[in-house]
Amino acid sequence: MIEENNLVMSYHRMRRWVGYLGLGLPFALVIGDWLFHNLKIYQNPNLMQMCQGNYTSTNHSRDSISEYFYTPMGELFVGTLCAVAFFLFLYKGYKKRPGELMPGDSFMTNFAGICALLVAIFPMDLEHCTTDNFRTFISHKPVGYIHYGAAALRSLRI
């Protein structure tokens, strides 16, 4: 009985942390990007070494949370999505009741975890070149389609 209560508490704790990560991510991305540009970290040679000095600081508010992938906060974006995916893979949830037509919690959380990983691995495609693109590669339409599809499927879970 005590072990079962510990498992229930750990699942509740896991769900709470997924919520904290999901709620905190947009704020962390905006604040982190704002700090990076206002403190001019990209101009500090002790912290960063850029091959080309043509990085320009622009607007910190993006059209989509996925667009932060191309900013210095890209690692935070990908890392948080991977952490959420990890929590979702670990979460088993409630057992499926007999006669229930919908997939069980375990299947749905694993599906949501796969979608979160796909969103993290495949970046959105940019319609236009940005002057503050921190990444050195160009996005591609099919990769963007995978990103958008996984994001849409992930939102169906909620």
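## Contacts of L81

Leaving aside residues up to four places away in sequence, L81 is in contact with A116, V119 and A120, where contact means heavy atoms within 4.5 Å. The model is a predicted one, in which local features need pLDDT of at least 70 and side-chain atom pairs count only at pLDDT 80 or more, while totals for chains, interfaces and linings use all residues. Residues are numbered from 1 along each chain as its sequence is written, and side-chain values use heavy atoms, with hydrogens and water left out.

## Nonpolar core

L81 and V119, together with L29, Y70 and F77, touch the most other members of the largest nonpolar core, which has 14 residues. Such a core is a set of buried Ala, Val, Leu, Ile, Met, Phe, Trp, Tyr and Cys residues joined through side-chain atoms within 4.5 Å, buried being under 20% relative accessible area with a 1.4 Å probe, protein chains only. At least two residues of this core come from each of α1 (2-38), α2 (74-90) and α3 (105-121), and α3 gives the most, with three residues.

## The loop residue S66

S66 lies in the loop between α1 and α2 and is buried, its relative accessible area being 9%. Not counting residues up to four places away in sequence, S66 touches F77, M124 and H147.

## The chain as a whole

The protein chain has four helices and zero strands, helices being DSSP runs of H or I of at least four residues and strands runs of E of at least two, numbered from the N terminus. Of its 158 residues, 31% are buried. Among contacts between residues at least 6 apart in sequence, 69% join residues at least 24 apart.

Conventions: Buried < 20%, exposed > 50% of the residue type's maximum accessible area, 1.4 Å probe, protein only.
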